[in-house]
Amino acid sequence: GNLIRCPPGRAGKVPAGVTEDQLWRAKYIYDSAFHPDTGEKMVLVGRMSAQVPMNMTITGCMLTFYRTTPAVLFWQWVNQSFNAVVNYTNRSGDAPITTGQLGTAYVSATTGAVVTALGLKSLTKHLPSIIGRFVPFAAVAAANCINIPLMRQRELKLGIPILDKDGNRLGESRAAARQAIAQVVVSRIGMAAPAMAIPPVIMNALEKRAFLKRYPWMNAPLQVGLVGLCLVFATPLCCALFPQKSSMRVSRLEPEVQAWVREKSPCTETVYFNKGL
């Protein structure tokens, strides 16, 4: 039968009168709210279920208020603060991360995003306005490449737990951590791409029409709505790009980890790990 993840401390027995559908629904709710490695309840805004409402508001505002330097600074800072919470909440492994490491990752990613956004903003000053609208996306992509590895630097240094097909822990691997983090960076940039690439084209066309000239206040709500529509499809699609329980051939692990796995579980050819989200 299918393995059913039960909350820590539960016996794993199905209560009488509970149907299979109710059981799967309970499992989905539990999995969405609790960290798969630590068993901790995750911060509400850091969960994947909060991605669409949070991101549509922040991204919509980043795309609307991109013309002035203070606005760029403020919205990139808000976005990176939110990303820091999401990246910490959805990390892989159960190793604790220090306040100093969190602070370094947060400051580095925010600085990276702001520098990219302001640098590109000055470069695109003399180019058509449509080009300027894509500056926030470039800044977000650059920040993801900084923020995620830094927020999860402990995994890169110490490795993440690797398991056999039955879920037995075989050790920790840095090679698995590198694969996990690379996959998360790709899926996060993919998640942001439609929401930050499609609305600017539509808004650029709409701003030339009489409607937005007559009702300029409609700019932000329209932008947020368009971003939300894109994110509703992009978020689940990009979360599904790579399985959450990722796998790796034993031959691709570090030599010392390979030796340890072969000694501990000689029949194991593939190891599994939680890649994070």
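**Figure 1. Surroundings of T124.** T124 touches I131, G132 and V135, leaving aside residues up to four places away in sequence; contact means heavy atoms within 4.5 Å. This is a predicted model, in which local features need pLDDT of at least 70 and side-chain atom pairs count only at pLDDT 80 or more, while totals for chains, interfaces and linings use all residues. Residues are numbered from 1 along each chain as its sequence is written, and side-chain values use heavy atoms, with hydrogens and water left out. T124 is found in the loop between α4 (99-123) and α5 (129-132); helices (H or I, at least four residues) and strands (E, at least two) are DSSP runs, numbered from the N terminus. With a relative accessible area of 13%, T124 is buried. Buried stands for under 20% relative accessible area, exposed for over 50%, and partly exposed for values in between (1.4 Å probe, protein chains only). From T124 to V135 the C-alpha distance is 8.3 Å, at a sequence separation of 11 residues.

Figure 2. Helix α2 covers residues 51-64, and its end C-alpha atoms lie 19 Å apart. At 1.5 Å a residue, its 14 residues should span 20 Å, which agrees with that distance; the expected span is 1.5 Å times one less than the number of residues. Because 10 of the 14 residues of α2 are buried, the helix is largely enclosed by the rest of the structure. Among the buried residues of α2 are Q51, N55, I58, C61 and M62. The buried residues of α2 pack against α3 (69-89), α6 (135-151), α8 (174-206) and α10.

**Figure 3. Aromatic pairs.** The count comes to four aromatic pairs, where rings of Phe, Tyr and Trp (its six-membered ring) pair if their centres lie within 6.5 Å. Planes under 30 degrees apart count as stacked, over 60 as edge-to-face and the rest as tilted. F74 and W77 form a tilted pair, 5.9 Å centre to centre with 45 degrees between the planes. These two residues, F74 and W77, are three residues apart in helix α3, and are therefore separated by about one helical turn. F74 is partly exposed at 43% relative accessibility, and W77 is partly exposed at 42%. Y215 and W217 form an edge-to-face pair, with 6.4 Å between centres and 75 degrees between the planes. Y215 is partly exposed, its relative accessible area being 33%, whereas W217, at 59%, is exposed. Ring pairs also link F65, F74, W75 and W77 into a cluster.

**Figure 4. Nonpolar surface patch including F233.** L229, V232, F233 and L237 form a nonpolar patch on the surface, and together they have about 440 Å² of accessible area. Patches are made of residues with over 30% relative accessible area and no salt bridge, joining like charges within 9 Å and nonpolar side chains (Val, Leu, Ile, Met, Phe, Trp, Tyr) within 5 Å. A salt bridge is a side-chain nitrogen of Lys or Arg within 4 Å of a carboxyl oxygen of Asp or Glu. Accessible areas come from the Shrake-Rupley method with a 1.4 Å probe, and for residues only the protein chains shown count as cover. F233 lies in helix α10 (residues 219-239). Its relative accessibility is 54%, so F233 counts as exposed.
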